[in-house]
Amino acid sequence: MAYFLSHQINSTVCKLPLALRTTSARFVLTENQRKYSSDTGTDSEYLHRSVVPTMHYQKSLPRLPVPKLEDTIRRYLAAQRPLLNNEQYSNTEKLAHDFQNGTGKQLHEELVIHDKNNKHTSYISAPWFDMYLSARESVVLNFNPFMSFNPDPKPEYNDQVVRATNMVCSAVRFMKTLRAGLLEPEVFHLNPAKSNTDSFKKFIRWVPSSISWFGAYMVNAYPLDMSQYFRLFNSTRIPKPKRDELLTDEKGRHLLVMRRGNLYVFDAVGRDGNLVKPAEILSHLKYILADSTPAPAFPLGVLTSENRDVWAGLREKLLEAGNGEALGLVDNALFCLCLDEEEMRDHIHISHNMLHGNGCNRWYDKSFSIILTKDGQAAINFEHSWGDGVAVLRFQNEVFKDTTEKPLVGPNSQPAAVDSASAVRRLEFKLNAELQHGITKAKENFHAAVSKLTIDAMEFKQGGKEQLKKKKLSPDAIAQLAFQMGFLRQYGQTVATYESCSTAAFKHGRTETIRPASIHTQRCAQAFVQQPDQHSVEQLQGLLDACSKYHGQLTKEAAMGQGFDRHLFALRYLANSKGLTLPSLYQDPAYAAINHNILSTSTLTSPAVSLGGFAPVVPDGFGVGYGVHDDWIGCNVSSYPGRNVHEFLRCVHKSFEDIFHVIEGKPLKSS
């Protein structure tokens, strides 16, 4: 029976629908496809009480497939073709086929055996953790992204302390719901009328967890991996020499609050395991906001922005100086709440503040931080090693829904008559001259890094998802094409481009890469940008259609774990772990170039999220956050001095204009 079901699951997973397509490592679900609560009720301790246990599907999730080596090489060469001239491509093609028939074949066979011997996880999980935790660069700009909340639709609830209190309460309620197994499982519903019903949930809860995924599949529902969720709370990345560690200690009941670079803690969960009364949390936060303690001359938080080896050494010095107990309270706090004193001028200011801030009022190593500015703008900044955003976005969606629909305090709420001076503790640290010098140096390094970052935004208001879908064009494909066109118009070339895709449809799936730059986008971009008067409208429409179809194919393959990047990464990791000479494929300049992602892109659409952003992943790159909405398209893009982000966005806007012009049947004019 077990073999039969295993065979059935493996044979059906390849049929998972294109609708599971995801970018930015986050599934873009409609309200119908992603209804969470089974029973919202009036329980102040839980967000809802799911009929189906949270981890019910986890045991039976299909395993992430190891692609066939010949498929990986074919896909790799297809992605290299638009980036190389004929001579370069010929050399890369030879190296790739030599790898396929030689060392690569042996490594692949070993990887497959290793995977079969570790059925509890995926072949990419351990190498991916290792990659993140072994990186020595600062997590600021290089790894931590942000996602900002939309404002509360009731303006008076955007008051800093009111919103902060409600978000803390909703976050704790989320945590309690998760840990009680009452959080609705993360499921992609293709036919919600069948699968997202009380009757189906009451049925599936009695199906053994070892086969429950298959039961969901039968009604076109696709449960997603939730193995990362436990790292959301009480978790911190601990700096260590050469490789960091992840710490999760669920005993912590306290919240870490930062203001003016000072660190405070107070219990948000009582000894009985229940949420502290919201009026008490309101009182404690008001107390912190009224605290007259000046900003410290040596703010400890900035150390979390340092090079990881430097920070590891300084942390050891902190422990030696007698700061172990205080650091322990930081590390096992539920999460970090950053109360900023600035008001935000515009979206660009919000992006800079939520992505990096001033370095002093953050603890970048916490699994996530909720940031609240003086005018009530809110965002999440999260450390990336423990997870890929699926869990963070679910958390953000739930917190936004709960705080806006069922706020526990309001603008007229009175703080509880409690002794906040006793309940709240401001952490104090013993700092010797060496530590003070380390903090000063960290501040200098931080400001030197963030001062080089430029962020700009663009909104295209002349069309969006609805118009594209009417023409049977993929909205994501068209957005990616506009970036290719924009870069070609600005710099005259096609470059390595990265788009992240979640593989959360599989047990311990992480991400796979979609490679949007293709021979199809190159051909289309050249026609639009360099030869607009040499093609008829019909020909240009045909090129758009070819780009859309090919991008859809790449997306489907990536979501099914059938890209090439993670497979080649795992084979290289295996070769390194065995102490082998690095195969020639990996020493090819073309391999280095395709992994030097000048265009790093990520998309996000959610009713909770206003905008998201991240820094470029290479010094001469762009960090492109974007969203394709019903009737408009938005981009939030970052760059360093090596690139002109303002001109890039002008070129991208022009690309969208040209594309929608052609979609409407109008000829292009030379420009």
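Here is the tour, stop by stop.

Before you click: this is a predicted model, where local features need pLDDT of at least 70, side-chain atom pairs count only at pLDDT 80 or more, and totals for chains, interfaces and linings use all residues. Residues are numbered from 1 along each chain as its sequence is written, and side-chain values use heavy atoms, with hydrogens and water left out.

**Stop one: the whole chain.** Show the C-alpha trace, which spans about 75 × 60 × 55 Å along its principal axes. With 671 residues, a compact globule would have a radius of gyration near 26 Å, and the chain's 25 Å agrees (taken over C-alpha atoms; the rule is 2.2 Å times the number of residues to the power 0.38). Switch to cartoon and you have 24 helices and 20 strands (DSSP runs: H or I of at least four residues, E of at least two, numbered from the N terminus).

**Stop two: the inside.** Colour by accessibility: 60% of the 671 residues count as buried, meaning under 20% relative accessible area with a 1.4 Å probe, protein chains only.

**Stop three: helix α2.** Select residues 69-80. At 1.5 Å a residue, these twelve residues should span 16 Å, and the end C-alpha atoms are 16 Å apart, so the two agree (the expected span is 1.5 Å times one less than the number of residues). Nine of the twelve are buried, among them Leu69, Ile73, Tyr76 and Leu77.

Note on methods. Buried means under 20% relative accessible area, exposed over 50%, partly exposed in between (1.4 Å probe, protein chains only).
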